[in-house]
Amino acid sequence: MRAAAAAAVASAFVGRSPSPGGRPSCICDSGGAWPRSGTQQPGVLSLGSGSSEPNKQKWLEISTGFEKRANFPNCIGALDGKHIRITQPPDSGSIYYNYKNFFSLVLMALCDSNYCFVWVDIGGYGKDSDSGLYKESTIYNKLTEKKLDIPDPKPLIIDNEDTKVPYVIVADEAFGMTENLMRPYGGKMLSYEKKNFNYRLTLARRYVECTFGIMCSKWRILHRPLDVKIDFAETIVKAICALHNYVRVRDGFNYEDTLYTPPLSNLSSTYTGRHVRDADTIRNKFTNYFTNEGKLEWQDKMI
């Protein structure tokens, strides 16, 4: 009976019945579902717009929200993964055992500044890294193939073409940097400018962490391991993501949700090869902007 109820909720929002053994990968802001490559067929999450995928206008709305609330221009989402506790599936060995020393499946999510899920990938093995799961996802493929319908690059400073940068996703140090994904500078002995960038990126990235926190606070089933079959566990998480967005749209934006800021941490440095040099140039433009024209009067007190 529990399985039928959860499946009905997920199907009602996603527009299809869950496929046993599949890895749901969905756009769930106010549009449709995107499948993991070669596994799922697209569906629809009915939260308002009726479009199957975010278009340029939707990405611009998300960017405006991040610029207004997080003071980070040209940002179209905050990306992170969350380990959802489960009991060990039969005959699964250690593939669901994560570095935190418990069994889990991974919820990979892209969120906006309203604490709504824009895209989710559900069902990754607990042993897999966030970066590895992201590179297997549909949104990564669409980004690299330029099929995500992201708006054209825009200058950070009006009428200054030298400051033109693409629209980007913000993420933590676990993700590899690309021209459309910004991560913090690594290392401990950082310059003033790099510390400023890391702080400003943290202000934007916190939205995905807060989204996970709001979701877990409301849906208390996530406070304990899901003691169900793995397919049903994925259906439960998918239903929770859809219901979370529904409640956020219904209740609107709450100022209290913005009061928590994750602390800055020491980040390990990583090698930057030729394939990310263009991305590093883009990050440097953001860094210069946050230090000069886009500087906040109080940011020096926070680093």
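**Ground rules**

I am working from a predicted model, in which local features need pLDDT of at least 70 and side-chain atom pairs count only at pLDDT 80 or more, while totals for chains, interfaces and linings use all residues. I number residues from 1 along each chain as its sequence is written, and side-chain values use heavy atoms, with hydrogens and water left out.

**Aromatic pairs**

I began with the rings and found that the structure holds 14 aromatic pairs; rings of Phe, Tyr and Trp (its six-membered ring) pair if their centres lie within 6.5 Å, and planes under 30 degrees apart count as stacked, over 60 as edge-to-face and the rest as tilted. I looked up Y134 and F175, which form an edge-to-face pair because their ring planes stand at 80 degrees, with the centres 5.8 Å apart. This pair links distant parts of the chain, with Y134 in helix α3 (residues 130-135) and F175 in the loop between β7 (168-170) and β8 (181-182), 41 residues apart. The helices (H or I, at least four residues) and strands (E, at least two) that I name are DSSP runs, numbered from the N terminus.

I then checked accessibility, where buried means under 20% relative accessible area, exposed over 50%, and partly exposed in between (1.4 Å probe, protein chains only). Y134 is buried at 3%, and F175 is buried at 1%.

Next I took Y199 and W298, an edge-to-face pair with 6.2 Å centre to centre and 90 degrees between the planes. Here too distant parts of the chain are linked, since Y199 belongs to helix α5 (residues 192-218) and W298 to the segment after α7 (277-291), 99 residues away. Y199 is buried, with a relative accessible area of 5%, whereas W298 is partly exposed, with 35%.

I also noted one aromatic cluster, formed by F72, Y185, F197, F286, Y289 and F290. The charged end of R283 sits over the ring of Y185, one of these cluster members, at 3.9 Å from the ring centre; for this, NZ of Lys or CZ of Arg must be within 6 Å of the ring centre and within 35 degrees of the ring normal. Elsewhere, R85 lies over the face of F102, 3.8 Å from the ring centre.

Which residues of α2 are buried? I list W59, I62, S63, G65, F66 and A70. They lie on the same side of α2, because they cover an arc of only 155 degrees around the axis, the arc being that of the directions from the helix axis to the C-beta atoms. An α-helix has 3.6 residues a turn, so residues three or four places apart point the same way. The buried residues of α2 pack against β2, β3, β4 (117-125) and α5, with contact meaning heavy atoms within 4.5 Å.

For length, the 15 residues of α2 (residues 56-70) should span 21 Å at 1.5 Å a residue, and the end C-alpha atoms are 20 Å apart, which agrees; the expected span is 1.5 Å times one less than the number of residues.

In α7 I find A279, I282, R283, F286, T287, Y289, F290 and T291 buried, and what covers them includes β6 (164-165), β7, β8 and α5.

**Loop residues**

Where is N180? I place N180 in the loop between β7 and β8, where the residue is buried, with a relative accessible area of 8%. Its side chain reaches the backbone oxygen of Y167 at 2.8 Å; a polar contact is a pair of N or O atoms within 3.5 Å, in which, within protein, one must be able to donate a hydrogen and the other to accept it, and residues adjacent in sequence count only if both atoms are side-chain atoms. Leaving aside neighbours within four places in sequence, the contacts of N180 include L143, K146 and I150.

K146 itself lies in the loop between α4 (138-144) and β5 (154-155), is exposed at 55% relative accessibility, and has a positive phi near 60 degrees, though not a glycine.
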